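Subject: Structure for your review

Dear colleague,

Please find below the structure that I am handing over to you. A summary of the findings follows it.

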Amino acid sequence: MEIYRESEHRSLTETEILEDLKTLLAGYPSLKKVLIIPPDFTRFHSMAGEITGLLWRELKGHATVHVMPALGTHMEMSDGERLKMFGPHIPKACFLTHRWQTDTVSIGRVPADVTEEISGGLFATDIEVEVNKQLLSGGYDLILSVGQVVPHEVVGMANYSKNIFVGIGGRQMINKTHMLGALCGIEEALGNGDAPVRQVFDYAQEHFLGDFPLVYILTVTTRHGRDTHLNGLYIGPSRRPYEEAVKLSQKLNITYLDRPVKKVVTYLDPHEFKTTWVGNKGIYRTRMIIADGGELLILAPGIRACGENPEIDAIIRAYGYRGRNTTLKLYNEGVFENRTMVAAHLIHGSTDGRFQVIYATDPALFSGKEVEAIGYEHMELAKALSIYDPDTLEDGFHTLPDGTDFYFVKAPAMGLWKLSTGIS
């Protein structure tokens, strides 16, 4: 069964969403135990929290329901984040925590000749396919993977099987697919529904997930002011719902400009972005519109660390965002052994001198010295906010009183900004 509902110009209603979820669940009348896998708080605007709440309400009377947020390498959600995203009605005891370093088992291996062909010879290694052990041992009658399809720097378009192989995946899969993506090029991946890493996930999906009772619930959302709109809902076990969601996301979540911009300013919501590991979406999603020699100012009031855990944080601080060639040299020297996801992240977060990145942070959380030590420039947050007020600025072009033109992006994680004719 596949269910599609979309509207470019309005938000789907709760009644419409619930109707589709009931139609889905009607196909599974004897459920006893269900696992829901939504994204974590960094995808707060996916509407996955609301959908998870509706699913729990429909299932709680006759099935045991567990919710395992797809954390990937991100930090565990706080109680406040859990309540804000999923509401107060799902008991805390229903939530399971995925730990990417310890909680996974192997279900197969992507052969080296497959990765070599996909990457055009840039990356020839096998990849262990790891998933959280609960998928095998949990005894679930149905596994519902919920999440947002949106442009993504590694996999091209986020979600679908990424929610499984990265969101509740393990070290090797995360390490190697991130590195494959970095070697093939971030700007070739962004917004591409068939990017190289997606092709690896497709192979793993086809060969190793066929016996799991897995159904995808995919969303396409947009932001209008302070409101999130659910424009598309796509449900089913196959790749086709993802393909349909990609079409709408490419239409609604990619903004095209007809000329490069000398200065871009973007904002990271402090509740969602606490590290450069996640906050560098401000770089990824805007980099393609920034002119050579241009400047990106990131308003980052919540940034307080580099990595989402001490292991990754220490490596980023040690080597910084020094450019593709410098990072690849370290990678070839074995510096990132078993942590190649960090090498990929450092490549993605570097500009190779093409434009300047300035992080405006709260010095009480993340000092100017810390920012400069990892390879970026720094601006005092209070000064930056006095000039660029995210509460009043709308997406698009603006001019300061002194005549400075800039382009503002309020929610970089919600989309992708590109040039209609490519980077000049």
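A polar contact is a pair of N or O atoms within 3.5 Å; within protein, one must be able to donate a hydrogen and the other to accept it, and residues adjacent in sequence count only if both atoms are side-chain atoms. This is a predicted model, in which local features need pLDDT of at least 70 and side-chain atom pairs count only at pLDDT 80 or more, while totals for chains, interfaces and linings use all residues. Residues are numbered from 1 along each chain as its sequence is written, and side-chain values use heavy atoms, with hydrogens and water left out.

Glu130

A polar atom of the Glu130 side chain lies 3.0 Å from the backbone nitrogen of Met173 and 3.5 Å from the backbone nitrogen of Arg171. Glu130 belongs to strand 5 (residues 127-132); helices (H or I, at least four residues) and strands (E, at least two) are DSSP runs, numbered from the N terminus. Glu130 is buried yet has no salt bridge, and the nearest side chain of opposite charge, Arg171, is 7.4 Å away. Here, buried means under 20% relative accessible area, exposed over 50%, and partly exposed in between (1.4 Å probe, protein chains only). A salt bridge is a side-chain nitrogen of Lys or Arg within 4 Å of a carboxyl oxygen of Asp or Glu. Lys and Arg count as positive and Asp and Glu as negative, whereas His and the chain ends are not counted. Residues up to four places away in sequence aside, Glu130 touches residues including Thr104, Phe165 and Ile168, where contact means heavy atoms within 4.5 Å.

Salt bridges

The structure holds 28 salt bridges. One of them joins the side chains of Arg240 and Glu2 (3.5 Å, N to O). This pair links distant parts of the chain, 238 residues apart: Arg240 is in helix 10 (residues 240-252) and Glu2 in the segment before strand 1 (3-6). Arg240 is partly exposed at 43% relative accessibility, and Glu2 is partly exposed at 33%.

Glu19 and Arg5 also form a salt bridge, with their closest N and O atoms 3.4 Å apart. Glu19 lies in helix 1 (residues 14-26) and Arg5 in strand 1, so the pair ties together parts that are 14 residues apart in sequence. A network of salt bridges links Arg5, Arg10, Glu16, Glu19 and Asp20. The side chains of Lys329 and Glu333 meet in a salt bridge at 2.6 Å, N to O, and both residues are exposed.

Two buried loop residues

Met414 sits in the loop between strand 17 (405-409) and strand 18 (416-419) and is buried, with a relative accessible area of 10%. Leaving aside neighbours within four places in sequence, Met414 is in contact with His45, Gln148, Val150, Thr221, Thr222, Arg223, Asn253 and Arg285. Thr351, in the loop between helix 15 (340-348) and strand 14 (355-361), is buried at 13%.

Largest pocket

The largest pocket has a volume of about 460 Å³. Its lining comprises 19 residues, of which Arg223, His224, Asp395, Ala411 and Trp417 lie nearest its centre. Strand 9 (214-224) and strand 11 (254-257) each supply at least two lining residues, and strand 9 gives the most, with three. On a 1 Å grid over the protein atoms alone, a pocket is an open set of points where a 1.4 Å probe fits, with protein on both sides within 12 Å along at least five of seven lines; lining residues have an atom within 4 Å of a point. Grid points are joined across faces, edges and corners, and a volume is the space filled by probe spheres set on the points.

Yours sincerely
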